[in-house]
Amino acid sequence: MALSGTGDQDIRADAEGVHDTQRSSGAVTIIAAIVILLIYQGYSLSIVGVASPWIAKSFALDQAKLAELFAWMSLSAFGALILARLADRVGRRRIILSSLVLAPLCAVGAVMARHPAQFAVTEILISALLGGSVSSAIVLLAEELPNEQRARGQAFAAGASAIGGVLGYMVIPFLLQWEYSWRWLLAPCIAGIVLVFPLARMLPIDSRWARLASTNSVSGSRFYDIFHPLYRRRAITLLVCAALDTIAGSAVNGWLYFDAVSIIGLSPQKASSVIVAGMVFGMLGFPIGAWAADRFGRVPTVMYVGGAAWFGALAFYWGPPSGVTWPLVWLTAAYCWFKIASGVLTVGANSAATELFPAALRTTMIGWQGITAAVFSMLAQVMIAKLIGPLGGLTNVIRYLAVLGIPSAAIFGAFIDETRGLPLEVAAKEEAWARARNFRREPLMGRASAGESGK
């Protein structure tokens, strides 16, 4: 009997060991797939910002007209919201793979565009498709990784997106040196179609979403359910923060390279060096953000470090004080601080946002944040275009708008619930949400039964 019991324990231990190994292997595969996807996404979505000085020349646009073009491109978030909602209805995997097929085809159209409106339409489609796939990707990480790895997974995702974003800045000086058109930046975006087949094998089919898809809490949900009383405070807070951060971020990030080259007067090589240095050092923010989010919590990470990030942006656009011997060092240090702290902010915010809502609304909420970002990104570009004259130039406008990121961090800290260490179902109030969905149907069933009894 003792021997038999010992043998059973050994078998159970071996089975648990195999299960843990399989779970760990599956987590690594999912992270690898998302890293590949987000490197591609980061590169593809950075092209417009990287090439902005030469896009302006190609289409004969002044600063105000270029700002208007960027504003129109913000409409992509409406498409991203549709895809985010579809991801909660048809699955994250399907949206990711469909987007990877269609985005390269749209990139072909962007290469061939000879009018700013044509270029804007193709870029809107690319941004919408990749925006939908990215929201699905970061939600997939939250759903499929163990509790203790969720923040780490978001750090990998943010780091991959940053790596993709820096590649364009590394490529553009060589294109200029070799006298190639900026349109060659779109070649890797087109080539991304080859990623469909390996990612199809790496992304899970039997996912957490798939197991919940047939339940009423998922199939009966609607896109406006983020404002259900269970989630209203969380949703409104995240949307307000998205609005403020978007205005500040659109000003700071969207015009950084243009400001460095066309206003500060740096050569394309020096401007690229500053930005590449900032992005490379900025990647330190992702592991720091994962550590801080797990050690101190998602909310303090966003509130304190995220709020301090904007001082780096202000230092960059304010420029080095008079008498500074190496002004390029000032610009580089300011931008590095902004990127490092922004990386910490991104990991903390993404960890919280993907944990605060149930499976039926998780990607939908990110879509809502995207649509808020689109509206306020467009508003930011319109404001920049209108205020350049009254405020004495582009740089002054950006300084004022960058300040809005600081109250955003304070609002996040005041109203968002902490989710550190909580199982995903608990953090997202899955059981309460399921009860709320079922409760809506019970009165109707009760009235129907009463009617039948009366007959």
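Predicted model: local features only at pLDDT ≥ 70, side-chain atom pairs only at ≥ 80, totals over all residues.
Reader: What makes the 97 residues a nonpolar core, and which of them touch the most other members?

Author: Membership requires buried residues of nonpolar types joined through side-chain atoms within 4.5 Å. The largest such core has 97 residues, and Ile34, Phe119 and Trp255 touch the most other members. Helix α1 (residues 2-50) supplies the largest share of this core, 12 residues. A second, separate core of 24 residues includes Ile226, Val302, Ala353 and Leu361.

Reader: Which residues is Trp255 in contact with, leaving aside its neighbours within four places in sequence?

Author: Contact means heavy atoms within 4.5 Å. On that basis the partners of Trp255 include Leu66, Phe70, Tyr317, Ile384 and Ile398, and also Gln63, Ser250 and Gln381.

Reader: What makes the lining of the second largest cavity nonpolar?

Author: Its residues divide into 7 nonpolar, no polar and no charged. They are Ala260, Leu266, Ala271, Val274, Ile275, Phe316 and Leu331. Helix α14 (residues 268-282) gives the largest share of this lining, 3 residues. The volume of the second largest cavity is about 30 Å³, and the search of the whole structure, with a threshold of 30 Å³ or more, finds 2 cavities.

Reader: Why are the buried residues of α20 said to line one face of the helix?

Author: Buried means under 20% relative accessible area, and in α20 (residues 405-415) Gly405, Ser408, Ala409 and Phe412 are buried. Seen down the axis of α20, these buried residues fall within an arc of 100°, and therefore line one face. Their cover includes α12 (232-254), α16 (298-318), α17 (327-355) and α19 (394-402).

Technical notes:
Residues numbered from 1 in each chain as written. Heavy atoms only, no water. Buried < 20%, exposed > 50% of the residue type's maximum accessible area, 1.4 Å probe, protein only. Helix = DSSP H or I, 4+ residues; strand = E, 2+ residues; numbered from the N terminus. 1 Å grid on protein atoms, 1.4 Å probe; cavity = no way out; pocket = protein on both sides within 12 Å on 5 of 7 lines; lining within 4 Å. Points joined across faces, edges and corners; volume = space filled by probe spheres on them. Nonpolar A, V, L, I, M, F, W, Y, C, P; charged D, E, K, R; others polar. Arc of directions from axis to C-beta.
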